Amino acid sequence: MMSYQRQELGKLLAGNRYPGRGIVIGASQDGRRIVSAYFIMGRSANSRNRVFVSEGETLTIYPADSTKVEDPSLIIYSPIRRLSDNLIVTNGDQTDTIYDFLREGNTFEEALETRRFEPDAPNWTPRISALVDLSGTEYRMSILKAEDAEGTDCVRYSYQYQMQAGLGHFLHTYQQDGDPLPSFSGEPERVMLPDSARKLADEIWENLDPDNKIALFVRYTDRESGEREDVLVNRYERVD
């Protein structure tokens, strides 16, 4: 496959039982809207006991049933926050680290230098993150992974992209299902993006493994007006 080829996101997902948590960033086909999407999956009861809740500009994960929470430390966080024209998307509480560093005038990369992969041996789940400039034309992505099976050190990869109409980059935590789970390998995957948040949400949700998919959030932001089109899908309902 040529490295510049844009793949169909649905086909990538349909052939992968467990990509884990995933981030998609890019621009709509017409180039008018900035695209951001985040999904989570789960194999254990604790991981599956989650729902997305949209709170204005922020997306937060809560337990579907708080009485069944076993360990909230790695499953409850805000994957999406906004600071001015910066949209932050991550798979963990490094969202808050990035937010605090940017607010103090520091950079995305400096924030992530203070973090490592998740301490969930033997999987050592990578921390994946993205920063989107909603007023400009670029976005950044990052993955922090274990150096080896023992988790003795952290390797850090950062990527910077210019917005191109209809092009997105897809970064996920795991290469595929396994025991232990193999970390994502290689550069973020180049994918085609449609003009509708609903179309993208349907493409993702319908192709995620039905046993393991948990929640999905897609946001299209108009580059001129700032108007948002959000789509949120939860597998489970929240029990108050």
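Biologist: Thanks! Where does serine 84 lie?

Modeller: Before that, a word of caution: this is a predicted model. Serine 84 sits in the loop that runs between β5 and β6.

Biologist: Why is serine 84 called exposed?

Modeller: The relative accessible area of serine 84 is 59%.

Biologist: Which residue other than glycine has a phi near 45 degrees?

Modeller: That is tryptophan 124, where the value is positive too. You will find tryptophan 124 in the loop between α4 and β7.

Biologist: Is tryptophan 124 buried or exposed, and how do you know?

Modeller: Its relative accessibility is 15%. Buried means under 20%, so tryptophan 124 counts as buried. Proline 122 belongs to the loop between α4 and β7 as well.

Biologist: What kind of peptide bond joins alanine 121 and proline 122?

Modeller: A cis peptide bond, with omega at about 5 degrees. Another cis bond joins aspartate 179 and proline 180, where omega is about 0 degrees. Proline 180 lies in the loop between β10 and β11.

Biologist: Let us step back to the whole chain. How many helices and strands are there?

Modeller: The chain has five helices and 13 strands.

Biologist: What makes the chain as compact as a globular protein of its length?

Modeller: The globule rule gives 18 Å for 240 residues, and the radius of gyration of the chain is 17 Å; the two are close, so the chain is as compact as a globular protein of that length. Along the principal axes, the C-alpha atoms fill a box of roughly 45 × 40 × 35 Å.

Biologist: What share of the 240 residues counts as buried?

Modeller: The share is 53%. Looking at contacts with a separation of 6 or more, 58% are between residues 24 or more positions apart.

Biologist: Which residues does glycine 168 touch, leaving out those up to four places away in sequence?

Modeller: Glycine 168, in strand β10, touches Ile25, Gly26, Tyr139, Glu189, Arg190, Val191 and Leu193. Between glycine 168 and leucine 9 there are 9.4 Å from C-alpha to C-alpha, although they are 159 residues apart in sequence.

Biologist: Why does glycine 168 count as buried?

Modeller: Its relative accessibility is 0%. With the limit for buried at under 20%, glycine 168 therefore qualifies.

Biologist: And how do you know whether leucine 131 is buried or exposed?

Modeller: Leucine 131 is in strand β7. Its relative accessibility of 10% is under the 20% limit, so leucine 131 counts as buried. The residues it touches include Leu87, Ile88, Leu102, Phe108 and Tyr139. The C-alpha atom of leucine 131 is separated by 10.0 Å from that of isoleucine 80, 51 residues apart along the chain.

Biologist: Which residues of helix α3 are buried?

Modeller: In α3, residues 94–103, they are Gln94, Thr95, Thr97, Ile98, Tyr99 and Leu102. Their cover includes β5, β6, α4 and β7. Just after α3 comes glycine 105, with a positive phi of about 90 degrees.

Biologist: Now the largest pocket. What lines it?

Modeller: The lining has 21 residues, and Arg21, Ser44, Ser47, Ile75 and Asp120 lie nearest the centre of the pocket. By class, the lining holds six nonpolar, eight polar and seven charged residues. The space in this pocket is about 410 Å³.

Biologist: Why is asparagine 46 called buried?

Modeller: At 9% relative accessibility, asparagine 46 is under the 20% limit, so the label buried applies. Asparagine 46 lies in helix α2, residues 45–48. Apart from residues up to four places away in sequence, asparagine 46 touches Val69, Glu70, Asp71 and Ile75.

Technical notes. Residues numbered from 1 in each chain as written. Predicted model: local features only at pLDDT ≥ 70, side-chain atom pairs only at ≥ 80, totals over all residues. Heavy atoms only, no water. 1 Å grid on protein atoms, 1.4 Å probe; cavity = no way out; pocket = protein on both sides within 12 Å on 5 of 7 lines; lining within 4 Å. Points joined across faces, edges and corners; volume = space filled by probe spheres on them. Nonpolar A, V, L, I, M, F, W, Y, C, P; charged D, E, K, R; others polar. Helix = DSSP H or I, 4+ residues; strand = E, 2+ residues; numbered from the N terminus. Rg over C-alpha atoms; globule rule 2.2 N^0.38 Å. Buried < 20%, exposed > 50% of the residue type's maximum accessible area, 1.4 Å probe, protein only. Contact = heavy atoms within 4.5 Å.
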